[in-house]
Amino acid sequence: MKKVFLIFYGGTGLYDKKAGLKFVEKYEDIYDWLKLIPELSIMAEIDYTIIDKNKDLLSRENIAELLKTISENLSKYDGIIILHEVDSIPMLANTIFWQIQAPEKPIIITGANTIEKQTHIIPDLSFKANLINAFQLVESKVARVSVIYGSRIICPSRLKRVGLSGLNIFDSVNKQYIARIDFGLSIEDKTYKAKESEYYFKFDRDFVFFKTIPGVKLLEKLLEKNNEIHAIIFEAWKNQITERSKLIDLYKLGQKNNKIIIFYNQIGFAKDFFKHTIITISNITPECLSAKLSWILGQTKNKSQIREMLKKEIMDEFFVNEIIKD
Amino acid sequence: MKIYYFTNLDKLKDKYWENRYIEIHKFLIKNGVNLVSNLEKKLSRGENEARKSISYDQIEAVIIEGTKISPDAIYVIATALAYKKPVLYLMEKGNAIPEQLEYIRKDPNLGENFFLKFYSKNEKDKSSYKSIIPDFLNLLESGSLIKEKVNVKFTLRISPKIERYLTWKSMAEKKAKAEYLRQKLEEIMSNDPEYKNFLRKARSNF
């Protein structure tokens, strides 16, 4: 029988007709919670732990604890399944994807999409099936970090939230999937070849990510020499109308105060006006870019190394972009 | 009635099992079952792969020929049971029940919808799959296993007097008229000892 390690880190809203909606808030809740899905016990031996999500969902401490828990347990089990709030699954999955590169066993992230309305809570009725599918993915030995929800198994670097509720709330930005599910798993990405596993415990999230260029006063504050911020990412507007001179001024100020300025869009730039100044990045999801930068800053603070690593494809993170839709 | 029929594809190389799986498949089709099966995909060498993806909530039950258990069978059973879909697990007589299936049978929650049946390979025998499968289909059709969907429509003609009462009552109860009537019928059904007896007999005969 396979051995699975379950990490409870939010996203545990399990609906049972008799028991109602049950959450795991503390370690002691897990035993009764698991009894509501007896199907799991016929598929694998289960051990478990909990990450205290109440501290702060994606706090530095929680992520560090999670990475440590994964690294200590992956070799002892056939796979690890992490339950998490669906809202922050893209960020969490990408963080794990960069910090634990090419794991030797499956690391699967899923969760219950419990929607809180003003007067009532809507449970996620597909959660049980998602969890069972996650167990099946452990059996299939797909040694990757992956996200399971609905009928799709997606690599974090391709993950995109596409709906609030429904069978498939996530999609792949380029329609490439690790596998699809109907009455079983159909592995689609058969060409994937893993590199050697590498675990990185250092990460640094002291950077900010803006959808647009904020006001001057805020920018001056962010670019102050002595604050902890290492980098600022600006996402280009869809029509890409941005005052280039303003960005160059920003770059100069950043250069003076040892800050990195990154100009980002998902579609790609026809002309890279800033190739010698601002770092331009495209064809990558925002969550993947954030997690990659966090991982890079954890390894180095050297600006030319950061530029080189950001531009270089390391984990097949860049994708062909024709299919992106908003 | 839409059913998912699952077989152990690893055993298809063995002519004996290939023939058995196909015989059961043909038998189900002959009995008017709208079938989805992992067997079709394999036999057509992937030609059916482009078919529209369907899931467990679109089927009514699962039938497994599991004499030679496949590792995937456990996931199929687990998912079907999680969706509250009845599972008929067929085994040829003379084979031992796998340990995990014993666990399912003994668990009060899981065992309720899991039916493991031994069949004789002699087709003329009373315990052949040709007898077991129709009994299972009858049980499904009796409605005692399947969680019912509210999707049957029919025309009900009522007098203006009843209509007035129904409108008044549904407003007082803050329910739609159809919902109010459904609940009343469910109350009658759940308190009808004769109907309960009829369902009990159908189950015990299987």
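**View 1. Helix 8 of chain A is largely enclosed by the rest of the structure, because eleven of its 14 residues are buried.** The model is predicted, so local features need pLDDT of at least 70 and side-chain atom pairs count only at pLDDT 80 or more, while totals for chains, interfaces and linings use all residues. Residues are numbered from 1 along each chain as its sequence is written, chains are lettered from A and ligands numbered from 1 in the order in which they are written. A buried residue has 20 or more other C-beta atoms within 10 Å of its own, an exposed one 12 or fewer, and a partly exposed one a count in between, with C-beta atoms placed from the backbone. Helices (H or I, at least four residues) and strands (E, at least two) are DSSP runs numbered from the N terminus. Helix 8 covers residues 286-299 of chain A and reaches 20 Å from its first C-alpha to its last, close to the 20 Å expected at 1.5 Å a residue (1.5 Å times one less than the number of residues). Its buried residues are A:Glu287, A:Cys288, A:Leu289, A:Ser290, A:Ala291, A:Lys292, A:Leu293, A:Ser294, A:Trp295, A:Ile296 and A:Leu297.

View 2. The buried positions of helix 5 of chain A are A:Phe127, A:Lys128, A:Ala129, A:Asn130, A:Leu131, A:Ile132, A:Asn133, A:Ala134, A:Phe135, A:Gln136, A:Leu137 and A:Val138. A:Lys141 follows helix 5 of chain A and has a positive phi, near 60°.

**View 3. Helix 5 of chain A packs with helix 3 of chain B at an angle of about 175°, the axes being 9 Å apart.** Axes are lines fitted to C-alpha atoms, for helices over the stretch in contact, and angles run from 0 to 180 degrees between N-to-C directions. Helix 5 of chain A and helix 3 of chain B are therefore roughly antiparallel (over 145 degrees; under 35 is roughly parallel, 65 to 115 roughly perpendicular, the rest oblique). On the chain A side, A:Lys128, A:Ala129, A:Ile132, A:Gln136 and A:Glu139 make the contact, and on the chain B side B:Pro71, B:Tyr75, B:Ala78, B:Thr79 and B:Ala82. Residues count as in contact when their C-beta atoms, placed from the backbone, lie within 7 Å.

**View 4. The interface brings 23 residues of chain B into contact with 14 residues of chain A.** On the side of chain B that touches chain A, helix 3 (71-82), helix 4 (99-106) and helix 5 (108-111) of chain B each supply at least two residues. Helix 3 of chain B gives the most, with nine residues.

**View 5. A:Ile7 is in contact with residues beyond its neighbours within four places in sequence.** These are A:Thr49, A:Ile51, A:Leu66, A:Thr69, A:Ile80, A:Ile82 and A:Leu83.

View 6. A:Ala102 is not a glycine, yet its phi is positive, about 50°. A:Ala102 sits in the loop between strand 6 (100-101) and strand 7 (107-110) of chain A, and it counts as partly exposed because it has 16 C-beta neighbours inside 10 Å. B:Lys174, also not a glycine, has a positive phi of about 55°. B:Lys174 lies in the loop between helix 7 (160-173) and helix 8 (177-190) of chain B, and its 8 C-beta neighbours inside 10 Å make it exposed.

View 7. B:Thr167 belongs to helix 7 of chain B and is exposed, with 11 other C-beta atoms within 10 Å. B:Thr167 and B:Pro193 are 26 residues apart in sequence and 31 Å apart in space, C-alpha to C-alpha. B:Met189 is in helix 8 of chain B and is exposed, with 12 C-beta neighbours inside 10 Å. From B:Met189 to B:Lys11 the separation is 178 residues in sequence and 46 Å in space, C-alpha to C-alpha.

**View 8. Chain B contains nine helices and five strands.** Along the sequence, their pattern is β-α-β-α-β-α-β-α-α-β-α-α-α-α. Of the 206 residues of chain B, 27% count as buried. Among contacts in chain B with a separation of 6 or more, 68% join residues 24 or more positions apart.

Methods: Two residues are in contact if their C-beta atoms, placed from the backbone, lie within 7 Å.
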